[in-house]
Amino acid sequence: MTNAPSLAGRAGAGRPFPGRLARAFDLVDGLSEVGVWFAPVRHHSPACARAVGAAIDELAPAAVLIEGPAEYDHLIPALLDQGTVPPVAILSQHPSAEGTTSSLYPLADFSPEWMALRRGAAAGSRLAFIDRDWDRSEFASDAAVRLSGERHYHVSAALTALAAREHCRDADELWEHLFELRPPGGPWADLFRDALAWGALPRLEQPVEALIAEGSIDREAAMARHIAAWRQRTEGALVVVTGAFHTIALVEVLATELGVGWDRPVHLDALPATPRAGAPARRPGPPEPGAIPEAPTPGATSKIVCLGPGAVPGPPEPSPTSDTGPRGPGATHQADPSGPGAMPEAPATGASLMIGPSGPGAMPEAGSPRPGPALEAAAAEVAAIQERLRQRSPAPAERPSWLIRYDLTALNSLSGYGAGIRSPGYHQRLWDSQARGEQDPAAAGRQNAIDCLIAVAHQTQDSNHQISIAEVSAAAVHCARLAELRGHPYPSRLDLLDAALACFAKGDFDAVLRDGIGQVFGGNKLGQLPPGTAAPPIVAEARERARGLKLNIVDSTSRTVDLDLRRSASARRRSRFFWLMSYLDTGFATRLVGPDFLTGRALGRLRERWRYAWTPLVEASLIGLLEEGSSLEEAGRRRLARSLEENEAAAGGGSAAAVAQAVAQAALIGLHDEVWRYGAVLESVIDADSDVTSVLSAAWRLLGLMRAREVLDLTGIDRLADLITRLAPQLVYLLGGLHAVDASGEEAVVQALIGMVELTGRLGDPGVTALVDQALAGLRSDPDASAGPLGAAVALGVVQGSVPQDLLATRFAVAFAPGAALDFGPRFLNGVLQAAPDLLFHTAELFDAVDAAVRRLEPDDFLAVLPQLRRGFGRLRPFETARLAERVARDSGLPAASLTPVWTRLTSADLAFGQEVEVELRASLSRDCLAGWLDQAASGNAGLDRGRAPGNEGGVDEYPGLGEDAEPRGNCKPGEDSARGRGETP
C-alpha cells in the first residue's frame, strides 16, 4: 500500500469515473462561479474539519450553511460561546405515536460542522442550519437516536472493492488511508473533490425508491430550498457544508434551479482536467496510466433537457423578475409572493429533468432511444427532489431543544452511533497535538502514537499483567515500521492498534488489554457548557443534587462508591438519590451489591455498592422525563402512579401487592409523603383483594419496611404495623377458603401457610398469632382438607408445640392406610417436608411411619406415586439426603461403605469468587441492555411456590424479612419456634 491520498486517482485508475459523477465535478465548478461553494464532508472527520476551516479562511463567505435541522438555529449563539467546549450535542424532542422521541446532533473539536460554526463566526459569516426539522424525519425511535447515519459507506460495493484493491480491511480504513493521513495544509479543494467522489460512489448504488423511503430525498429537498433562498437574498459567497452522500444530488438540483452548467463542454466519461475560471486549481501532475482523459470530447456541449409533451425546449431565458445576486447564464430563480427564497413554479405536467450532454454519446432528444441507466437514475432523483421543492413547506414548529454536554465515548461508531468515528479518543489526542503546532504534523503524529502506547500501558498498571517499558518501546518500533510499510507519514490508528495487539497481548491478559485500549482509544472527555446555559430544570436539579452529595460528574468516567447505610446519614441520602435515578431509568447508577428493600433480598447487609457515571445519555434520559414532570420527585410520583395503574390492571382490580409495592418503592426513592398516601390506598383495597398471594406479599413488603425504617429514615412506623395487623384477618379468611384445593394448587397454599406463620412470628402481635393458630386448628380438623395443606398444618403445629409428635405419625399412617387415595399419603408427606423437613430426622415415629408406608406399597403403586415422593424428598438439602440414605442403608442391613456420597465443600474464598462473578455478570447484562430482563426473571421466580419459605429460594426474597440475617436452620426440636424450612437460611 502506497500513500496516494487522491481518491480520484484511485477510483479512476484504469477506468473513467461514472458519467454522473464526472458531470457533478463540472457542476461544482459552475456553482462556485455563482458563489455557491460545496464542502462535502464525512461527519466527525478531522481531515474534513481542517479543509472546512481552510476554505472559510480563504473564501471569507457571506454565509456558512451547515447540514443540520433548521430548528437548531436558535442555539447557534450558545454554540459560539467561548465557554462551550466540545464534545457537546444538541438534543431535541417531540411527541410521537410511541411516546417522546429524542434526537441527538453531536459535535466534537474535529467535527467539520463545529469547525464551520467557529471559523464562520471568526470570518464574520452568517451561520445557519439547513436540514429539515428532525421531527419530520424517519429517524424516530423509542430511544435517543443520532442524525446522519453512514451505513451506506459500509455496505457500498464500490468502496468495498476499492478497499480490497488498496489492501484495506474496510471502508473505515480506506477513509483513513486516503483522507485522514493527508498532511494538514494541503489544497482543500482537492479534499472536497475526493470527498464528493467518496459520497457519490455509494449514492449511485441506491435506487431512488430506497432514498425516498429512508428520507434522504426529503432532506435534500429541504437543504436545496434553504440554499437557493440564501443565494437569492445574500450578496457574496456561500459555503455549504453537507454530508458527502447528499452532495451529488444537491449539486444536480441546485445547478438546475440556478441555471448553472448550460455551456460547459463535458463528456460523461471524462473528468475535466483544467479548472474553470474562478474555480480552485486542482492538483497538478501527469496523469496516471489509464487515467481519465484530460480533454473533453470535441464538440460536446452539455445542456438540461426538459422532456414534456411536444417539442423539447431549450435553456430557459433569464427571468426579468429575478432579484439581484450572483447568477449563472440562463438563471431562472425568482422571488415568489409566498415568501423569500421560494422555489419557482413546477414545470409543465409530465415534465421531468434529464441531465446529459449533446454531441457524440449525448443524451438523445425526444423520440430517440432512452438514455442510460445512470442518467435515468439521476433524472429520477432530481425529479423527486424537485417535486418536494414545489410543495409548500410549513413553518417550522417550535420544538424543545437544548445544548447538552457530550462525551467522546458516545461518538464512537462501535457504540452504535451510525455516523460516529472509530476511536474518537485517538483522534482527539492527535487533533490536540497537531493543533498546538509545536512540531510539524507528521512529527506530532509520531509522538501521539508513542503517547497512546504509554497511556495503554498506564491503564493496565493495576492488573496482574503489566506492560513493561521494553514492550512499549517494541510496540513503538513496530507501529513505525507498519506505517512505513503502508506508506503512511506517521502511524495511523490501525497501525497503532496492530502494534499494541502484537506486542502487548498475553493470553488471559487480552481482556485487560482490551479494556485499556478501549479507555485510551475511546476517550472519556466530557464537554463543557458556559454558566447559565439554558437547560431543562430537571437536568439542572439532578446536577445540583449530585454535586451536593459530592458525586463526581465532571466527566463520563464510571466510578464505584460504597455506602454505609446504618452509620452515615449522607450515605443514606446518596442511596435514595441512586435509587431514584435508577427507578427513573436515567442510566446514571447501577446497584452492584447490598440490601434490596424493594424485593427483600440481602437485608442483612449493612453496605451498598453502586457504580455511577454522568454520561450525555443521562441528560438525554432526564430530558425525556419532562413528559412526566419538571422535577425528579414529580416524575417519580407520576411513574409510581402509572406503575400502580398498570399492576392493578394486570391483576384485574385492586391489588394489595401492587399498592404495597408502590409503598415500598416510594420509601426507597425518598418520597415519604407518597408512602403514607399509598398506605391509605392500601387500607381501602385490603378487604377487596381475594388473592391470598397478593395479600401475603403486601404484608411481607410492609414488614420489610418496618425492619428498614432506620435505614430508610421512615417515621410513623406504627402506621405500618397497623396496616399489617389489618392484613392478617384477611389472610386468615382467604386461607379458610383454600382448605380443599386440587393437587396442582396445594403447593401454593402450603407456601402461603408457611409465610403466614413466619409473618406472625416476626410481627409478634398476640392477637394476630391467635387468629393464625385458630386458622391452622380449623384446617387440621377439616375432614375435606386437601392432603398437602393438611400435612403442612399438622407439621407446623408440631413445631409450635400445639400438636403432639405422635399425632403426626398417626395422621401420616392414616394418610397411607388401605382405602385412602393412592396419592393422598405422598401429598401429605410433601406438605410435611415443605413446611418442616427436619421433623423427618428428629421425630422417630414419623421416620418409622414413612418407612413402613413406603415398604407396604406394591411395586405398581410405588411406581405410580414415585413422582410425588421424589418431589417431596427433593426438598431435602444434600447433607440431609446423605443422612437419610445412611439411615435407610443401616436399617436395611447395607454397609455404609456401599454408599458413595459426594460432598461439595465451599470455602469463604469460593463464596467471594461467586459474588464477584455475579457482580460482573450483572454489569455485563446491564451493558448489553439486559438488566430489565434480569430483574423480570428475578421477580418472576419470586412467587409463593418456590420450595421452603416465601422469598428465600434461589437467593431472591420476595418478602422483606427473610434475608441473609435470618436465623440459621439448626436442628429442630418439638416446641421450638424454628419452623424448619420456613424462610431461614443456612
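Modeller: Helices and strands here are DSSP runs numbered from the N terminus, a helix having at least four residues and a strand at least two. The model is predicted. By that numbering, proline 87 belongs to the loop between helix 4 (76–80) and strand 3 (88–96). Most peptide bonds are trans.

The C-alpha atoms of leucine 408 and proline 86 are separated by 9.1 Å, although the two residues are 322 residues apart along the chain. Leucine 408 is in helix 14, which covers residues 408–411. Leucine 408 counts as buried because its relative accessible area is 2%, under the 20% limit. Leaving aside residues up to four places away in sequence, leucine 408 touches Pro87 itself, along with Phe110.

Two other loops hold a backbone feature of another kind. Most residues other than glycine have a negative phi. Alanine 60, however, has a positive phi, near 45°, and sits in the loop between helix 3 (46–59) and strand 2 (63–69). Its relative accessibility is 49%, so alanine 60 is partly exposed; the limit for exposed is over 50%. Aspartate 713 also has a positive phi, near 55°. Aspartate 713 lies in the loop between helix 26 (692–707) and helix 27 (717–736), and it too is partly exposed, at 29%.

The structure holds 19 aromatic pairs. In one of them, phenylalanine 577 and phenylalanine 588 have ring centres 5.8 Å apart and planes at 65°, so the pair is edge-to-face. This pair links distant parts of the chain, 11 residues apart: phenylalanine 577 is in helix 21 (residues 569–583), and phenylalanine 588 is in the loop between helix 21 and strand 12 (589–593). Both residues are buried. Ring pairs join Phe577 and Phe588 with Phe578, Trp579, Trp610, Tyr612 and Trp614 in a cluster.

Charged ends also sit over rings. That of arginine 193 sits over the ring of phenylalanine 25, 5.1 Å from its centre. That of arginine 233 sits over the ring of tryptophan 230, 4.7 Å from its centre.

Key. Residues are numbered from 1 along each chain as its sequence is written. This is a predicted model: local features need pLDDT of at least 70, side-chain atom pairs count only at pLDDT 80 or more; totals for chains, interfaces and linings use all residues. Side-chain values use heavy atoms; hydrogens and water are left out. Buried means under 20% relative accessible area, exposed over 50%, partly exposed in between (1.4 Å probe, protein chains only). Rings of Phe, Tyr and Trp (its six-membered ring) pair if their centres lie within 6.5 Å; planes under 30 degrees apart count as stacked, over 60 as edge-to-face and the rest as tilted. A charge sits over a ring if NZ of Lys or CZ of Arg is within 6 Å of the ring centre and within 35 degrees of the ring normal. Contact means heavy atoms within 4.5 Å.
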